[in-house]
Amino acid sequence: MLSAVLAAALGITVASVATTASAADIPVSQGKTATASSVESAAFPASAAVDGNAGTRWSSTFADPQWLQVDLGSTQTINQVVLNWEAAFASAFTIQTSANGTSWTNISPVTAGQSGVQTLNVSGSGRYVRMNGTTRATPYGYSLWEFQVFANGVNPSPSPSTPSLPTSDTPDLGPNVRIFDPSTSAATIQTAVDQAFNAQLRSPTAQFGTQRHVFLFKPGTYGRVWANVGFYTTIAGLGLNPDDVTINGAVNVDSGWNYGDESNATQNFWRSMENLSIVPEGGTNRWAVSQAAPMRRVHIKGNLTLAPSNQDNGQGYSSGGYLADSVVDGVVSSGSQQQWYTRDSRIARWDGGVWNMVYSGVQGAPANAFPNPPHTTLATTPVTREKPFLYVDSAGLYRVFVPALRRNSAGANWPNTAGTSIPMREFYVAKPGDSAARINSALAQGLNLFFTPGTYSLNETLRVTRPNTVVTGIGFPTLIPNNGVEALNVADVDGVKVSGLTFDAGTTNSPTLMSIGQPGVHTDHAANPISLQDVFFRIGSSVQGKATTTLAVHSDDTLIDHIWAWRADHGGAPTGWTVNTGDTGVIVNGDDVLATGLFVEHYQKYEVIWNGNRGKTIFFQNEKPYDVPNQAAWIGPRGNGYAAYKVADNVTDHELWGGGSYAYFNVNPSVRVDRAFEVPNRAGVRLRSVLTVSLGDVGTIANVVNDTGGAVPNPAGNTTPRNVVAYP
């Protein structure tokens, strides 16, 4: 039988049965000839289910019924079958035997499958054994990692054999990562950061390029460094606390350098700064960013400005950023920053605000005053778990620190952060070129995942089934699914942490890019929820991608902390209404899900659909699709267009604070959408500080919430918002 230790490591449950077999027992089916009614693609052959490797699988087409059978080579007396189901399992199936592969006899009753390992005691004989599936549990096909048949009174260990992958406490993080220590000269560091940035300066390809840069600083103090931060660039400290690493100079983001958009910073995407302190040259550090550009766990020993240096010329805008778990000793000036979310930090003062500035758990935040000025302020954040981070211990070994869950939190979570430190030897360090099968083997081995910078092509879904698994990355590692598969699937288990990943939809439509939990399963994870942090989804970018839904959240209590789901309005590959198609950015089916920093843009139907009860969102930023060709092509269930944020009619409790939706129908300015937010009229469904804007008066949003709030363009003037302080 599978040992209790290994079962716990793999996050699976197996039936207890009497056995005389040793752990080395091999199923009589292993390595035999297998056939199937169908395969989803050549990447998922029937043989993969009998190869003894938990990192490979058989998957059928998306239809009922389907079967998988194995030829044992001779007649055997069968007493046990072990099925290692993927999340796409059968809700009804039988085990059958045959002497000739044509006439079949049931040796099990009609049985409901389950995600994970399922052990069936059976009694029968035959040369051929098959799983005959009649009803699927999901919209996808039937999928088995392993189909194991045991005979002649021998009972199994259902643990498939997997290779032992190498790990290290001093890992090689690949060629895209530069690591500095205080003995490194300032000139050497400056040359490295300049080379990375200057290669992007006014480049027509950098925004959707393959370049990835990570600059890591070991604990200590660094002389004058002025680091301009471009696309897919991360600058981070390797201390246990931000003040362990001090940079004198700047970690700078400005406008004026992005090809085709030199006048503003509204395309300053995909860059980050984490876990360090800055003594800014001249007293102020500039971080003029837009979406997918987090600043976390940072100490600014001076002032911070979030707008580009040309803002006073009337053109310099930045549009939507995220600051968390940080301290700013001086003033934060947002200037022309159009919207921003700050969480669990401490600042001396905040100056400015254009449309939608939101704060939760921020000591020193301005008073709640929406819409004039447009500040929405919550004293605390209901639930937080800060993002895991890489650091070096006193022995020079690398570890990942996983901060603990906090409730009703306020202020930075450091120093003395509660949590767990995991040695890097418990991580598989993934590198571009690794196959999905190899990465899944690492997960089956019980390892966490650490993705290094680069692009990963996946011909099968990455499956996370073990509770408390950490899946993290640095430098915007980008996962691209092939053949319409889902890139990442997280089982309905406690405490999985996913962070620092970017997903690009592949050229074949994927029904989803990532899902959490199982449809219809409501397990209480409140004590140890699944969490997502700095996870970004793109449909159309460097790839002419397609995906029906980018993120589906089925698990209760999930924490969504800063994501950007983006159906591209421009890209390195062609974009357009019939080109990079995508219906919905985020679907939430779980109850008690909390989103802090939810950015979802340009999808073709409802952009967020919230079906779960007692959901909460703090800060929502949206732009409607630019490229609607005409009104007839965009009629929703309740009239013209689709709302950006849809709360299902059966939901009784839901709260949203600080939500903005903007229209820019530049392909056809006559297009209109009847409302930006669509919610049931119930006392328990409450929206606070929500607004709409018609950017440049291009296109119409008729109302803010349901039939309330009035239209934009607002007759009062260009880009003047419509505001609803409270609904109902």
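The following questions and answers concern the predicted model shown above.

Me: On what basis are residues numbered and features counted in this model?
Reply: Residues are numbered from 1 along each chain as its sequence is written, and side-chain values use heavy atoms, with hydrogens and water left out. As the model is predicted, local features need pLDDT of at least 70 and totals for chains, interfaces and linings use all residues, while side-chain atom pairs count only at pLDDT 80 or more.

Me: How many helices and strands are there in the protein?
Reply: Helices (H or I, at least four residues) and strands (E, at least two) are DSSP runs, numbered from the N terminus. By this assignment, the protein has 3 helices and 51 strands.

Me: What is the radius of gyration of the protein, and why does it count as compact?
Reply: The radius is taken over C-alpha atoms, and the globule rule is 2.2 Å times the number of residues to the power 0.38. For 728 residues the rule gives 27 Å, and the protein comes close to this, so it is as compact as a globular protein of that length; its radius of gyration is 26 Å.

Me: What share of the 728 residues is buried?
Reply: Buried means under 20% relative accessible area, exposed over 50%, and partly exposed in between (1.4 Å probe, protein chains only). Of the 728 residues, the buried share is 63%.

Me: Is H602 buried or exposed?
Reply: H602 is found in the loop between β40 (594-601) and β41 (608-610). Its relative accessible area is 2%, so H602 is buried.

Me: With which side chain does the side chain of H602 make a polar contact?
Reply: A polar contact is a pair of N or O atoms within 3.5 Å; within protein, one must be able to donate a hydrogen and the other to accept it, and residues adjacent in sequence count only if both atoms are side-chain atoms. For H602 the distance is 3.2 Å, and the partner is D569.

Me: Which side chain does a polar contact of 2.6 Å join to that of D169?
Reply: D169 lies in the loop between β7 (143-151) and β8 (177-180) and counts as buried at 15% relative accessibility. A polar atom of its side chain lies 3.4 Å from the backbone nitrogen of M424. The side-chain partner at 2.6 Å is R425.

Me: How many residues of helix α3 are buried?
Reply: Helix α3 spans residues 436-444 and is mostly covered. Its buried residues include A436, I439 and L443.
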